[in-house]
Amino acid sequence: MARALEVAERGLATTQPNPRVGCVIARDGRILGEGWHERAGEAHAEVIALRAAGAAAAGATAYVTLEPCSHFGRTPPCADALIEARIGRVVFTHADPNPKVGGAGAQRLRQAGIEVESGLLARQAEELNSGYLSRMRRGRPWVRVKLAMSLDGRTALANGVSRWITGQAARDDVQQWRARSCVVLTGVGTVLADDPRLNVRLAATERQPLRVILDSRLRTPPAARVLRSPGAALVFTAIDDPVRSGALRQQGAHIERLSGSPLDLEKVLAHLAELEVNEVLVEAGPTLAGAFITAALADELLLYVAPRLLGPQARALVELPELVDLDAARRFTLLEMRAFGDDLRLRLRAAA
């Protein structure tokens with residue numbers, strides 16, 4: 001199963017909106033075939049592994065990082081493929097919460113006389129597919145908020161200058177997180193201040209994430225680089241202005257109107273879930289980043305810390321409401337700590 005999870009990670013940046021799945025066919029400790037799901041509409045991991053194993057799959061064990069599907073979607077059911085190959089045993093990590101599956105895959109396998117087990121390395125498998133599972137279970141994507149700060153918790157000088165707090169190695173790591181995300185989300189304030197591109201600039205990039213701008217009053221300039229970068233852009237707004245929206249549409253942007261200013265973040269995430277978005281990477285200023293944290297919608301923080309001091313006049317990391325009790329503070333647990341050049345990246349999970 002550890003090997004199945006390893007091969008599943010090859011689809012980290014390509015499988016959206018499908019989950020990342022790997023499969024290993026083995027007998028007596030020897031791998032007969034393995035496969036991973038690369039992109040929606042193409043063969044699933046089980047089918048690829050069965051092809052690699054051939055006739056040797058009969059009576060062998062299939063280790064799969066998610067319950068095999070039992071429905072016709074973009075491809076036929078994987079449960080049927082395992083049955084037809086006369087697999088003797090199927091071991092998977094955890095049930096697929098997709099209501100189209102929801103235990104039906106395991107049931108179909110058992111009805112065909114195949115031994116079925118689940119629960120092996122389930123925690124690691126859930127980590128791999130946190131976005132897909134969030135969308136199926138909670139009706140919203142998994143949200144990561146990316147932040148970069150100095151040792152004294154500042155993100156920019158008082159005059160707004162922030163390029164670059166971190167070094168190249170840390171910025172290259174951000175590109176990897178963009179590549180695995182379905183959406184990179186920012187606010188119009190960041191667009192106006194920094195004119196970012198927010199696209200993936202890795203040599204092997206096959207897919208660009210959807211770039212989302214929260215812009216209540218449609219202040220995004222039609223010439224903004226975020227609209228001219230490869231891939232699609234979506235602007236959420238609260239107003240109906242045919243002239244401004246028309247100018248943005250001419251640049252290829254999609255416009256979605258939501259009520260309220262500031263925009264309701266839960267409604268934004270619900271709409272993105274309807275678009276089959278699994279993972280959102282928020283790259284925004286302190287106001288919007290703070291809004292996600294305050295609303296308990298930030299599932300993870302990617303916090304890059306640079307070994308420099310900017311002083312008390314520099315801009316704060318996030319804007320949060322004033323607290324009068326430490327027990328009311330938003331809490332996070334440390335998942336991982338890694339060095340990138342001289343910088344440190346902390347990966348933190350919102351505490352339950």
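Before the strands are discussed, a definition: two strands pair if DSSP finds at least two bridges between them. Strands are DSSP runs of E with at least two residues, helices are runs of H or I with at least four, and both are numbered from the N terminus. The model is a predicted one, in which local features need pLDDT of at least 70 and side-chain atom pairs count only at pLDDT 80 or more, while totals for chains, interfaces and linings use all residues. Residues are numbered from 1 along each chain as its sequence is written, and side-chain values use heavy atoms, with hydrogens and water left out.

I begin with strand β12. Strand β8 (residues 183-187) pairs with β12 in the parallel sense over three bridges, and V184 stands opposite L281 there. Strand β6 also runs parallel to β12, joined by four bridges; here R144 has L281 as its bridge partner. Which way do the residues of β12 point? E279 and L281 point one way and V280 and V282 the other, and all are buried, that is, under 20% relative accessible area with a 1.4 Å probe, protein chains only.

Next, S150, which sits in the loop between β6 (142-149) and β7 (154-156). S150 is buried, at a relative accessible area of 0%. Leaving aside residues up to four places away in sequence, S150 touches I165, V305, A306, R308 and L310, contact meaning heavy atoms within 4.5 Å. Its side chain also makes a polar contact with the side chain of D152 at 2.4 Å; such a contact is a pair of N or O atoms within 3.5 Å, where within protein one must be able to donate a hydrogen and the other to accept it, and residues adjacent in sequence count only if both atoms are side-chain atoms.

Now to the open sheet. Five strands with mixed pairing follow the order β2-β1-β3-β4-β5. The edge strands, β2 (30-36) and β5 (115-118), each pair on one side only. Strands β1 (residues 22-27) and β3 (residues 61-64) run antiparallel and are joined by four bridges, with A26 opposite T61.

Finally, what is left inside? Rolling a probe the size of a water molecule over the atoms shows where empty space is left. On a 1 Å grid over the protein atoms alone, a cavity is a set of points where a 1.4 Å probe fits but cannot get out, and lining residues have an atom within 4 Å of a point. The residues lining the largest cavity include R180, C182, N278 and E279.

Notes:
Buried < 20%, exposed > 50% of the residue type's maximum accessible area, 1.4 Å probe, protein only. 1 Å grid on protein atoms, 1.4 Å probe; cavity = no way out; pocket = protein on both sides within 12 Å on 5 of 7 lines; lining within 4 Å.
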